Amino acid sequence: MSFDTELILQKIRKLCGSSALWVAYSGGMDSHVLLHLLATHRNQFSQKIQVVHVDHQLQSQSADWAEHCQRVAESLQLPFHCLKVTVTDINQSGLESAARSARYHAINKLMNGEGILLTGQHLQDQAETLMLQLLRGAGNRGLGAMKTVSFWQKMQIVRPLLTISREALLDYATTHQLQWIDDPSNQNTEINRNFLRHQVWPLLHSRWPAINQNLARSAQNLQESQTLLDELAQDDFFNIEAELQDRSINIDKLRALSEARQRNVLRFFMKMLNMALPSRINLQRILDEVCSAAVDGQPQVSWHEYIARRYQNRLYLHTSISQSPEVSAELIHNQQPMLLDEKHRLVWQAQQGRGIRAELFSSGLTLSYRQGGEKIQLAGKTHHQSVKKLFQQWQIPVWQRDTIPLLFADQQLVAIVGYACAEMAKPQSDQTGWVPMIERICQGDFD
C-alpha cells in the first residue's frame with residue numbers, strides 16, 4: 001500500500017481514540033517516519049504525544065543514538081524519555097525476543113497504564129515475521145504474525161504502518177529529508193531475521209515481486225482462522241470446567257472432546273494464562289501422559305518454565321517454580337495492591353459484612369506463608385481448624401499449598417488469601433470489609 005497520510009492518520013484516530021500517544025522511537029527510518037507524521041499533524045489529535053527511546057546497551061554507539069533521538073524529539077517539540085535496559089535471557093529466547101521483552105517491560109513501567117504505544121513495523125516486517133514463524137513450525141497463532149492492535153501485559157500496542165511498504169516509507173523519509181540511524185547490527189546475518197532479509201528475500205522478491213503483500217494477506221487470513229478457533233475454544237472452555245484462579249481443567253470433560261479440540265482448547269487456556277505454548281510434541285504428551293494417567297498417578301510434563309500436572313481428576317498448569325516467594329517484613333496498612341512476585345499481586349475486594357474489617361489495617365497486617373501448625377476459625381464457624389486440614393478439604397494440590405499467602409493480625413491468622421477469612425476479623429453486617437485475593441499480572445499477544 002502507498003503512503004496515504006490522511007488514511008494513516010484516520011486509522012490512528014480510530015484505533016487510539018482520546019488515549020495519550022507514546023511513540024516508540026528507535027531512531028531508525030520506520031519509527032522516524034511515524035514520529036514525524038504525528039508531530040506534523042498534531043493539530044488533529046487532542047491528546048498528548050510523547051516519545052520514548054530504549055537504549056538496549058548492545059552497541060557501543062547506543063548512547064550516541066539516544067542523543068540523536070533526543071535532538072529529533074526536541075526539534076519536533078515533543079516530550080522525550082530515554083530508558084536504559086539490560087537484555088537478559090538471550091541464549092534461551094534469542095536476541096530479538098529478549099530485546100523486545102526488555103524494551104516492552106521498561107516502556108510498560110513508564111506508561112503505567114496510561115495511553116497507547118505506537119510502533120513503526122511495516123509490510124515487510126509482517127511478511128518476514130510470518131516466514132520466521134513458518135520456519136519455526138508455528139501454528140495458526142504464530143503464523144498470524146503481528147496484529148495491528150495487540151497487548152503486552154496491560155499495555156496496548158498499535159501498529160498503524162503494518163500495511164505500508166518499506167519503499168513508501170523510504171519515499172516519505174527522503175521527501176521530508178529525515179535523518180535516521182542505520183544500526184550496523186541490522187547487517188549481521190547471524191541473526192535469523194537479517195539472514196532472511198539480506199540473503200533470502202532478494203531472491204524471493206525477484207521471482208515473486210508481490211511477496212510482501214501476499215504473505216501479509218496470508219497472515220491476515222490466518223488471524224481470521226485463529227479467531228474462529230478461539231470462538232470454538234471459548235465454547236469448549238466452559239464445558240471443560242476450566243478455572244483461571246487455580247489454573248486447572250476437568251480431565252474427564254477435556255477427554256470427552258475430539259483430540260483436535262482438546263489441543264485447541266488447551267492452547268486457548270494457556271494463552272489466557274499468558275503461558276508460552278509448548279511444542280506440539282509436549283502438548284500431546286500432556287494429553288497422553290498426564291491426562292491419561294491413573295487418578296492417583298503423578299506424571300508431569302515440563303516446557304520452558306512451566307509444568308503440567310494432575311491432581312485427582314484435574315489438570316493443573318503452573319510455573320515449575322514451587323517455592324514460596326520472598327516475604328517483605330513491611331506491614332500492610334491499606335488496601336493498595338501489593339506485588340507478591342513478578343506474576344502475581346495481592347488485591348482487595350470491598351464487600352459488605354465480609355472479609356477483614358477496616359480497623360485491623362491500622363495496626364498492620366503481616367503477610368507470610370505456611371510454616372506448619374497454623375489454625376484459623378473461619379467466618380461463620382464456632383471452632384478452629386488447621387490450615388493443613390482445610391487445604392485437604394478444599395482439594396488444593398500439594399505443590400500449591402506452600403505458595404498460598406496467609407495474613408496475620410497481631411500474630412493471629414485472619415485470612416487464607418483467595419480462600420477464606422477469619423471470624424475474628426469479620427466486620428459488622430452493615431460495614432464494609434476487605435477480601436484479599438490474588439490477581440495474576442498478564443502478558444499479552446504475540447508481537
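**Salt bridges, notebook**

I started in helix α12 (residues 259–272), which holds both R263 and E259, 4 residues apart, or about one turn of the helix. I was working from a predicted model. I then looked for a contact between the two side chains. R263 forms a salt bridge with E259, and the closest N and O atoms are 3.4 Å apart.

Next I asked: is R263 buried or exposed? R263 has 12% relative accessibility, so I logged R263 as buried. E259 comes out at 44%, so E259 went down as partly exposed.

I moved on to helix α13 (residues 280–290). R285 and E289 lie 4 residues apart there, separated by about one helical turn. Their side chains meet in a salt bridge, at 2.9 Å from N to O. R285 has a relative accessible area of 29% and is partly exposed. E289 is partly exposed too, at 37%.

Which residue does the R13 side chain meet in a salt bridge? The partner is E6, with an N to O distance of 3.0 Å. R13 has 29% relative accessibility, so I noted R13 as partly exposed. E6 has 40%, so E6 also counts as partly exposed.

Last, I took the total. How many salt bridges does a search of the whole structure find? The search finds 13. I wrote up the R13–E6, R263–E259 and R285–E289 pairs here.

Note on methods: Residues are numbered from 1 along each chain as its sequence is written. This is a predicted model: local features need pLDDT of at least 70, side-chain atom pairs count only at pLDDT 80 or more; totals for chains, interfaces and linings use all residues. Side-chain values use heavy atoms; hydrogens and water are left out. A salt bridge is a side-chain nitrogen of Lys or Arg within 4 Å of a carboxyl oxygen of Asp or Glu. Buried means under 20% relative accessible area, exposed over 50%, partly exposed in between (1.4 Å probe, protein chains only). Helices (H or I, at least four residues) and strands (E, at least two) are DSSP runs, numbered from the N terminus.
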